[in-house]
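Have the sequence and the 3D view ready, and we'll go one stop at a time.

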Amino acid sequence: MGNWHISRRRMLKGLGATIALPFLQAMVPPGMSVYNMAKKPIRFACLFMPNGVNKFHWTPEQYGRNFELTSTLRPLSNVKNDILILNNLMNKGSIFPGADGHYAKTANLLTGLPIYQTVGDNLHSGGISFDQLIAKHKGQDTLLDSVQYGMERINAGIDGAVGFTRLYGSTISWKTPTQPCSREIEPRMAFDRLFRSSLPDSKPKNDKWKKSVLDIVKEDADALQRKLGRADQDKLEEYLESIRSIEKRIDNEEKIKSFEKQITPEIQKELVGLNLRIDEFNETFIGVDITEKTRQMLDIMALAFWTDATRVGTFMFGNSVSNRNFSFLPGVQGSHHQLSHHQNLEDQMEQYRIINEWHVNQYAYFLEKLKSLPDGDSNLLDNSMVMFCSGLRDGNAHSPYNLPILVGGKGGGGLRPGQNLDFEKNTPLANLYLSMARVLDMPLECFADSTGELCEIHV
Amino acid sequence: MKTQIYLTAFIIFATLSNTIALVLEESDVDHIEVLMPLAEKHCFSCHHDTKRSGGLSVKSYFMGINDFEKRIVRGGKVWQHIIQTVQSGEMPPAGEPHMTQKEREAFIYSVNSILLRSLSANDPGRVVIRRLSHTEYEYTILNLVGVSFDAKSRFPSDGSGGAGFDNFPNTLFVTPLKMERYYDAAEEIMDLAYANPEIWQGIVSKPYKDSLWNRFTNWLSNIFLGKNHTGKHEIAAEEVIVPFASNAFRRFLKPEEKQTYLTLFKEVYDGTKGNDRFNVAIKETLKAVLISPNFLYRYEEEQPVDHAYALSNFELASRLSFFLWSTFPDKELFEVAYRGNLQDPVVIRNQVKRMLKDEKSKRFSESFSTQWFGVNRFREDVTADPERYPEMTASLREAMYNELVEYFHHVLTDRKNFLDLIDSDYTFLNEELANHYEIEGVEGAGFQKVALHNNPRGGILGMGSVLTATSLPIRTSPVLRGKWVLEEILGTPAPPPPPDAGELPEEAAADKNASIRDLLTFHRSKPACINCHQKMDPIGFGLENFDAVGRWRDSYGLDPIVAWDTLPSGEVFNGPSELKKILAGKKDLFARTLSEKAFTYAIGRNVEFKDELYIQGLIKNLIENDFNTEEFIIALATSYPFRYKVNDGAEKFKILAKN
């Protein structure tokens, strides 16, 4: 049993990699920096909202270009022509024998394949997540290949009744089918990781011996590898990869220099401002003002895109089943997951809708922020694809059909936003990934259960 | 040794609880032939792949051509559950074709025979290398370096696995981001240590001065002994590095490792200027120790054999120490391991007794109890609505959390009876919490044991932490509390609601005008809900006298609280005291829950069906010793899976041997 299990795991690991077909490498020519290139890189972000939506106030009535935003989507009025509202997409991978209401529909939102039902023994997301696939192929030129942000720590414990570890509800980015990415949840630490050294008053960090120290522990790891069984070796491989990724960062002086050169006085002003906000927040508001904390995380991601520290990011407003108390919103008395089980009671559904609207509001904030930042001849939003999604439609019914999906930005001119589109019933969500891959100039033959691109969204 | 195990196995076979048939003669009966038609007749119509009632497809075990037995054994835990429900008459449910007593017996007998035949007492299982949990990292750094480091807020969080603990190897990852944080942490920890002379002296006991004299003698020896001799500073460095790294790696540093670390030391020493270069070089070297995989991972080396083998003494010491102390072995345990007799059960017994007496065992109490009962995040996560319950301040939540830890630790080390977890006549309070509970006579911020006279609060079911964590933000939830007791105390979780259930009855009836009676009736009125809710709801209603933040109440405003109910097994109770008496009487179930939780926590892998004999052994130990805590921990620490392991790639060595 044990052996069979490992070899399957290994095999699937291999599969995850072969999903990606060879790309046309429209990459930066050697010796040239992205900053003096005429065409700016395309950024990808995915914002995840837990617990679904009030289905009656999500989709605009009219399809096509002339549509009126619903009450939930109203915060997007300033960027109405920059968004796509995609209807009737579904993630078939979230329906399988044993799948539960949330976990099986969260961890695989970006992989499109069924996860393994497990309390932890053989964690498996079905495949590599779409964001990580991009990171793997397009993330080599930047400081970090991708960033993962969130608002809540990974949920502790397991859900014994459904047989899933709650870890599944806390992660949408999978570096490999068996390895979830770590998320930053504190603005202070997320900011410092990218920008601390770019602040005007920063002291250069003395990392003189870092490389030697890493060399030593790598030797330790190599020696250890030889004494372990295969499952252990797999686990230790994570360690070695992580060490290598740090080495890459300190080795690549050119990358660091070109990043530093990119920090114009204009950008530095933004950085200083955000840094101050985080400081003030930590002093006064910690844990209270969720809106401000959310916006700080999103601002950090916006600046990470603007400075080209990275081009790929995911953000989770909350873990799935999140029961964040939203009583701070006028008209809401209760918490998120609880209200998502609204019983079709009008009062509860309205509270649920207000919570949805709050999420859309933050999404709109992010899109407007990107739009305000110049990027090449246009702005950052024009050169981005920003997905907003939940793994459920109606939270009360845990419905995985007709998922609420938005895409913001022009994708560098590859997308045709400003549309409310109705696709054929049960169109695979993976078709969207296929389309976005094309916009990113990394055409895939297929991804998960995809059947073809969403032609309507392309120019 | 083996004979002994088989003997134990035999005894356990003979005393298996009533769910498993007593006599097992090998016969020619083909159990599958008996089983398949019965399952077809009574199970398949609901438990097939598409419907999967209760999340279970019995049919899937009988698909394909053969190997049915193997599949049943692989799903052993599920099948144990199946025979339980068939035996209790819960399945097939009322309204479905009746299963005759004869059919029932044949069904249970055949399943039991298949399951029991598969068990043997010589597979200890294997544990994947495990990264230190953030808690273990904190305690290890505290004991190793002497510095307090808040790992939980500095490192990206981990998930939990197995029975829900954060020390489960397969859910502990190292990612690039975590690795960066480990590096930064090592740097910060060494800086903190160096900044504090007292702490630094604990690491560098004999400070090496880069004095003129030392430089002069080093220079002289360079001339006369050649470049490669060992300088005084290197000897001094070795005296620091070897004990530090040996503790950090939980075994003696190997000669080649010593050389590696000395090389780093020399590189930094030679490349640094100034009087302080010895300390600078030590700092960098110890930093490397703190991010080495030998430190960050607990691992057990593979031996080139294809059968189970005993862990090395150091490995066993490490298991013991992380189990009870969440840190590396102390000096005595390290020495016992070195003397080489730790595999002796008597030695383990003495060590466990000593370790439980040590105050470090409170870490086990905290880590194990708060995670088991699902309140480990109680202090940070505010579940109760702050507007509705402004009294739930940070300090009150802290007090509630501490109540559980103090209580559990007292049960573990003083009272020594695990049954007190369910029911007792005392608890641990400080003034603030006592006021909250309206108990008089407790003063000060410190916790003290408080006798509860005629107060139904004793045991974890009367604790503010558990009661709040199982409530919704603005009110209590009998369903959540009932579900919690089923899962965490009795170990018999109700299956999840069917996908088409949609509405949770409780929520619908949460209308302010609905009385508790309406709630009761509503809950059990729906055929889709009745099976599970009649298990959960009564228990929850029995605890309705405790409000959503754990205070006692007699009524909801004007409506009196009705806290009587009937369990599906027939017992009638009124109020929490009577409910607790009934729960405390379900010793077999509680013993199994406790055994499986502790097994997973201590060993670091899930309980599988093949562990049934060991679990039965632990249950028996609890029942026979009246739930004695010390005897139970000793039984676990001396158990075969705790002390042995088996390779996962046994064939690898066979191939090697052939060559």
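Predicted model: local features only at pLDDT ≥ 70, side-chain atom pairs only at ≥ 80, totals over all residues.

Start with chain B as a whole. It has 31 helices and 10 strands. Of its 659 residues, 47% count as buried. Now think about which parts of the chain touch each other: if you take the contacts in chain B with a separation of 6 or more, 69% of them are between residues 24 or more positions apart.

Next, turn to the place where the two chains meet.

Look for helix α11 of chain B, residues 232–249: it packs with α13(B) at an angle of about 25°, and the two axes are 11 Å apart. Angles under 35 degrees count as roughly parallel, so α11(B) and α13(B) are roughly parallel to each other. The crossing is right-handed. From α11(B), the contact uses B:His233, B:Ala237, B:Val240, B:Ile241, B:Phe244, B:Ala245 and B:Ala248, while α13(B) answers with B:Phe278, B:Ala281, B:Ile282, B:Thr285, B:Leu286 and B:Val289. What kinds of residues are these? They divide into 11 nonpolar and two polar, with no charged ones.

Leaving out residues up to four places away in sequence, B:Thr272 touches B:Arg277, B:Val280 and B:Ala281. For a sense of distance, compare B:Thr272 with B:Leu144: they are 128 residues apart in sequence, and their C-alpha atoms are 26 Å apart in space.

Helix α9 (residues 290–306) and helix α11 (residues 346–372) of chain A have axes that come within 10 Å and cross at roughly 30°. That angle makes α9(A) roughly parallel to α11(A). Here, too, the crossing is right-handed. On α9(A), the residues in the contact are A:Thr294, A:Arg295, A:Leu298, A:Asp299 and A:Ala302, and on α11(A) they are A:Gln362, A:Tyr365, A:Phe366, A:Lys369 and A:Leu370. This set divides into five nonpolar, two polar and three charged residues.

Now go back to chain B for two helices to look at one by one. Helix α22, residues 478–489, has 12 residues and reaches 16 Å from its first C-alpha to its last, close to the 16 Å expected at 1.5 Å a residue. Is α22(B) mostly covered or mostly open? Mostly covered: 11 of its 12 residues are buried, among them B:Trp484, B:Leu486 and B:Ile489. After α22(B) comes B:Gly491, with a positive phi near 65°.

Helix α27, residues 587–603 of chain B, can be checked in the same manner. Its 17 residues should span 24 Å at 1.5 Å a residue, and its end C-alpha atoms are 24 Å apart, which agrees. α27(B) is mostly covered as well, with 14 of its 17 residues buried. B:Gly604 follows α27(B), and its phi is positive, near 90°.

Those last residues were glycines, so what about the others? Most residues other than glycine have a negative phi. A:Asn88, though, has a positive phi of about 75° without being a glycine. You'll find A:Asn88 in strand β2 (residues 83–90) of chain A, and it is partly exposed, with 16 other C-beta atoms within 10 Å. In chain B, B:Asp626 also has a positive phi, near 50°. B:Asp626 sits in the loop between α28 (612–624) and α29 (629–637), where it is exposed, with 12 other C-beta atoms within 10 Å.

Conventions. Residues numbered from 1 in each chain as written. Chains lettered and ligands numbered in written order. Helix = DSSP H or I, 4+ residues; strand = E, 2+ residues; numbered from the N terminus. Expected span 1.5 Å × (residues − 1). Buried ≥ 20, exposed ≤ 12 C-beta atoms within 10 Å, placed from the backbone. Contact = placed C-beta atoms within 7 Å. Axes fitted to C-alpha atoms, helices over the stretch in contact; angles between N-to-C directions. Parallel < 35°, antiparallel > 145°, perpendicular 65-115°, else oblique. Left-handed = near helix turned anticlockwise from the far one by under 90°. Nonpolar A, V, L, I, M, F, W, Y, C, P; charged D, E, K, R; others polar.
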